[in-house]
Amino acid sequence: MKKSSASFFHSFILGVLSYLGIWTLLFILSNNHAIPSPITTLEKMWEIKYLLGLHTLASSLRIVTALLLATIFAVPLGIFLSMFPKFDRLLSPLLYFLYPLPKVAFLPVLMLFFGLGNFSKILLLFSIIILQVIISVRDGANRIPDNYQRIMSNFQSNTWQNIRYLILPAIFPNILASLRVSIGIALASLFFAENYATTYGLGYLILSAWMKMDYPEMFAGIFCIALLGFLFFQAIDALERFSYKI
Amino acid sequence: MGIIIKDLNFIYEQNQLFKMTNFHFEDNTIYTLVGPSGIGKSTLLDLLTGVKHPHSGDILYQNIHKSEILTIFQNNHLFPWLTVSEALALPLKINNVSKKQINSRVMGLLKTFRLETFAHKRPHALSGGQLQRVAIAQGLTLNPKLLLLDEPTSSLDQESKEEIQDHLINEQRKRNNTMIIVTHDIEEAAYLGQEIILVTNKQLKKIVNPTFGEKNRRQSLDFYAFCIQLRKQVRQK
C-alpha cells in the first residue's frame, strides 16, 4: 500500500510539473493575456477554491454516475453477445452504425426528451461510454482461449460459474482499457454538455469565465479537468493493481 | 470392471482412427497409452470424457459417474489471474465445497506437492515443473475416480519428470483411482503404467508391465530391458 501511495505521489508530481512546464512555455512564447501565467492561475484557484470544488464535484458526479451505469449495462450485454453469436450477428451491425456517431450531436434531442437537468447530461455520457465497453467486453470474451473453457467444463461448471470464475476475470483488463479510453472522451463531451442549462460543472465554469474574459479562472477550470482526468486514470490503475492482489 | 468399450468406431476428418470390438479398463489401475504421433491417443481421452462422440459403439462406465472423471491437459492451462492456492481452490468452489474444507484440502495439496512457498504466486512466476505440479494437484482436488492425463511431463527436464511421475504413483496408491496417461515417452510409459496400452491399427493392445511395483526400478536392468522391448513394439506398428 505504501509502495502504491509513493507511486501515485511520484506520478502526480511528474504529471503536474510537466503540465505546468508546457503551460509556462506557452505563456512565455505566446506573450498574450489569453494564456495567463500558471502562478496567476494558481492564485486564482486558491481565491475561488470553494467554487472550483463545487464545479469539480458536479462534473465528477456526472462522470462517475455515467461510468458506473454504462459498466453495469455494458458488461452483461457484451458477455451475452459473446455467449450467443446469433444475437451478436443480429446486434453488431447496429452497434457498428451507432459507434462512430458523434453522440454530442444528440444532446439537444436528449434535452428535449429527458429535460434540461442532470439526467440528459448523464445519458449523453452514458451513450458515449456504453458502446465502447460493450464492444470491448464482447471482443475480450471472444478471445478467451477454448482451453480455458475446457478446463471449466472439466470441473463441471455451470453457466453462472463460467461467467463468475472465467469470463469476468478474463475480460477485466478489457473493461479497464475501455474505461480508460471512455474517460477521455467523456470528459471532453462533458465540457460540451455542461455548456447548456446548468450553473454547476467545469464546462459551465470555463465557458462563463471565457465570456467574462477572465482567463485565469478559465485556465483554473481547464486545470481542474486535467486533475480530474488524472485522478480517474489513477483510480483505474489502482483498481487493476487491487484486482491482482485479491 | 471400470470402463467398457464396445464396438467403438470413430472417424476424424475422413480418417478412421478407431475400429475396435471390445476393450476394458479395470478400476484402481494406472494405464499408460503409447503409440506414434497422430494415432489418436489424445482423441481416445476425448472419447472417454465425452468431448468427442463415437460414430458407433458405446463407452460404458461402471462405478464411475461422469462428474468423477477429470482431465489434466497437455499444456497445463492454469488461469493467469489465479494464484496457486486459488487455482487449487477453483474446482472445489465450483463444486460448492465449504470454505473450511477448501482451506484444508488446498493446504494438504500444497504440502503434498511441495508448493507451499509458491501458494501466492501466479503461473507466470512458476517454472515448467512447478506449473505441472500445480496442474496435477488441481486435477486431484476433487478426488476423481478416473484421472486422464495428456502428456503430463512433456517439456520437463528429467528431474522434474521423475518427481511428477513419483507423485502420480503415490497419489494413485493413496486414492485408489484409475489413471489413464497418454505419453510419447517410452520410459515414462514403462515406469508409470501397470498396464501399457499400445494404440495400433485402429485398435488398443494391452501389455502387462512385469516391472511395475519393483523397488528402485530406475536403476534396474529389467526395467530398461522392458523399455527396449516396448520401444520395439511401438516401432513395429
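Colleague: How many cavities of 30 Å³ or more does the count come to?

Modeller: The model is predicted, so to speak of local features pLDDT must be at least 70, side-chain atom pairs count only at pLDDT 80 or more, and totals for chains, interfaces and linings use all residues. Residues are numbered from 1 along each chain as its sequence is written, chains are lettered from A and ligands numbered from 1 in the order in which they are written, and side-chain values use heavy atoms, with hydrogens and water left out. A cavity is a set of points, on a 1 Å grid over the protein atoms alone, where a 1.4 Å probe fits but cannot get out; points are joined across faces, edges and corners, and a volume is the space filled by probe spheres set on them. Here the count is three cavities of 30 Å³ or more.

Colleague: Which residues lie nearest the centre of the largest cavity?

Modeller: Lining residues have an atom within 4 Å of a point. The largest cavity holds about 110 Å³ of space and has 13 lining residues, with Thr71(B), Ile72(B), Phe73(B), Ala135(B) and Gln138(B) nearest its centre. Helices (H or I, at least four residues) and strands (E, at least two) are DSSP runs, numbered from the N terminus. At least two lining residues come from each of α7 of chain A, β6 (69-72) of chain B and α4 (128-140) of chain B.

Colleague: What classes of residue does that lining have?

Modeller: Ala, Val, Leu, Ile, Met, Phe, Trp, Tyr, Cys and Pro count as nonpolar, Asp, Glu, Lys and Arg as charged, and the others, Gly among them, as polar. The lining of the largest cavity has seven nonpolar, six polar and no charged residues.

Colleague: Which side chains meet in a salt bridge between the chains?

Modeller: Side chains of opposite charge can pair when their charged atoms come close. A salt bridge requires a side-chain nitrogen of Lys or Arg within 4 Å of a carboxyl oxygen of Asp or Glu. Between chain A and chain B the count is one, formed by Asp46(B) and Arg150(A) (2.7 Å, N to O). Over all chains, the count is 18 salt bridges.

Colleague: How many helices and strands are there in chain A?

Modeller: Chain A has 10 helices and zero strands.

Key: On a 1 Å grid over the protein atoms alone, a cavity is a set of points where a 1.4 Å probe fits but cannot get out, and a pocket is an open set with protein on both sides within 12 Å along at least five of seven lines; lining residues have an atom within 4 Å of a point.
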